Amino acid sequence: MKLALGLGINQRAENLESMSGFSIDSLSGLVAWYPFNTGQTESSGALSSWADASGNSRTLINTLQTNKRPTYQSGRINFGNVTNSFMDINNGPVPNSVAYTLFFVVEFAVGSGTSFNTLVSSASNTNSTASFTWGTLNATTQLFQVLTAGSSSSDSSFNAVVTTNLVSNNVKTILQYSYGGGTTAGDTDFIISKDEDGGTLTQITSRTLANASNHTQGFNAVGLDNAGFYPKGFIDEIVIFNRKLSVSEAADVRADIKARNSMT
């Protein structure tokens, strides 16, 4: 077993802060953060744990089905090499709120068929409904699915099939999900955007979600959901907030993520 601390979870060093001095943990509402190549422990080529840099002790672990751990590759976490791979979120669920902003650094292959990738789910081994799932339909359209835990209500969950601004094949990309919380919170906008390596922020799709019953979104796992969907490639960094970030705050987070992940 080898501890791959990279930059170290207890120190602020190069790339954990941008040149401007900004750091993700300076923003309020940060509930979980898994930085690239930091706080990771590997065992026999697999990821055995990934420390939470938010200070909330929400380490990613998989102690019950160690044969379903994703592959560790020099700080990159490849879920695609292991069928039904997942990691549980210790001290979850997250974000456990009606409003939220989530960032995922992914790199997936867009094949010729249909393939789905669950980024986070309410539990890896329960018959639950909550998940953020991205996939391709015959490689010409892409589906983004958002389902709220404990609810089949369409006012807080949706499927969106898009044919423009698609996620590119094998390109490192930041997927950004942001939601204002619904009518009670005074913001019904749900927006999914992408920021590719070498590119700029591009909106993929948006929805107006009332969330009249104030359903919270809570995830307990990264990867496999109850439908058997699991990531088919890399998830290199994850950042989760329990509120909707402002445009400028989200831009600062993406810039920090890009610097750490060698993205331009």
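Start by selecting Arg76 and Phe234: Arg76 lies over the face of the Phe234 ring, 3.9 Å from the ring centre. A charge counts as over a ring when NZ of Lys or CZ of Arg is within 6 Å of the ring centre and within 35 degrees of the ring normal. Next select Lys232 and Tyr230, where Lys232 sits over the ring face at 4.2 Å from the centre.

This is a predicted model, in which local features need pLDDT of at least 70 and side-chain atom pairs count only at pLDDT 80 or more, while totals for chains, interfaces and linings use all residues. Residues are numbered from 1 along each chain as its sequence is written, and side-chain values use heavy atoms, with hydrogens and water left out.

**The whole chain**

Show the protein chain in cartoon view. Its secondary structure comes to one helix and 20 strands; helices (H or I, at least four residues) and strands (E, at least two) are DSSP runs, numbered from the N terminus. Of the 264 residues, 55% count as buried, where buried means under 20% relative accessible area, exposed over 50%, and partly exposed in between (1.4 Å probe, protein chains only).

Switch to a surface view. The protein chain exposes about 10300 Å², and carbon and sulfur atoms supply 46% of that area. Accessible areas come from the Shrake-Rupley method with a 1.4 Å probe; for residues, only the protein chains shown count as cover.

Contact means heavy atoms within 4.5 Å. Among contacts in the protein chain with a separation of 6 or more, 67% are between residues 24 or more positions apart.

**Aromatic rings**

A pair of aromatic rings is described by the distance of the centres and the angle of the planes. Rings of Phe, Tyr and Trp (its six-membered ring) pair if their centres lie within 6.5 Å; planes under 30 degrees apart count as stacked, over 60 as edge-to-face and the rest as tilted. The structure holds 15 aromatic pairs.

Select Tyr100 and Phe132. They form a tilted pair, 6.0 Å from centre to centre, with 55° between the planes. Tyr100 belongs to strand β10 (residues 100–108) and Phe132 to strand β12 (residues 131–137), so the pair links parts of the chain 32 residues apart. Tyr100 counts as buried at 3% relative accessibility, and Phe132 is buried with a relative accessible area of 0%.

Phe132 lies in strand β12 and Phe219 in strand β18 (residues 217–219), so the pair ties together parts 87 residues apart in sequence.

Now widen the selection to Tyr100, Phe104, Phe132, Phe158, Tyr177, Tyr179, Phe190 and Phe219: ring pairs link these residues into a cluster.

**Nonpolar cores**

In soluble globular proteins, nonpolar side chains tend to be buried together. A nonpolar core is a set of buried Ala, Val, Leu, Ile, Met, Phe, Trp, Tyr and Cys residues joined through side-chain atoms within 4.5 Å. The largest one here has 41 residues, and those with the most contacts inside it are Phe132, Phe144, Tyr177 and Phe190. Strand β10 gives this core its largest share, five residues.

Which residues does Phe144 touch, not counting residues up to four places away in sequence? Among them are Trp134, Phe158, Val162, Leu175, Tyr177 and Ile204.

**Thr71**

Go to Thr71 in strand β6 (residues 71–73). At 16% relative accessibility, Thr71 counts as buried. Leaving aside neighbours within four places in sequence, its contacts include Gly45, Ala46, Arg76 and Val82.

**Salt bridges**

A salt bridge is a side-chain nitrogen of Lys or Arg within 4 Å of a carboxyl oxygen of Asp or Glu. The structure holds ten salt bridges.

Select Asp187 and Lys244, whose side chains meet in a salt bridge (3.0 Å, N to O). Asp187 lies in the loop between β15 (173–179) and β16 (189–196), and Lys244 in the loop between β20 (233–241) and α1 (247–260), so the pair ties together parts 57 residues apart in sequence. Asp187 is partly exposed at 23%, and Lys244 is partly exposed at 24%.

Move to Arg260. Its salt bridge with Glu237 has the closest N and O atoms 2.8 Å apart, and both residues are buried. Arg260 also meets Asp256 in a salt bridge (2.7 Å, N to O); both lie in helix α1, four residues apart, about one turn of the helix.

Finish with Arg76, Glu107, Lys172 and Asp236, which salt bridges with shared partners join into one network.
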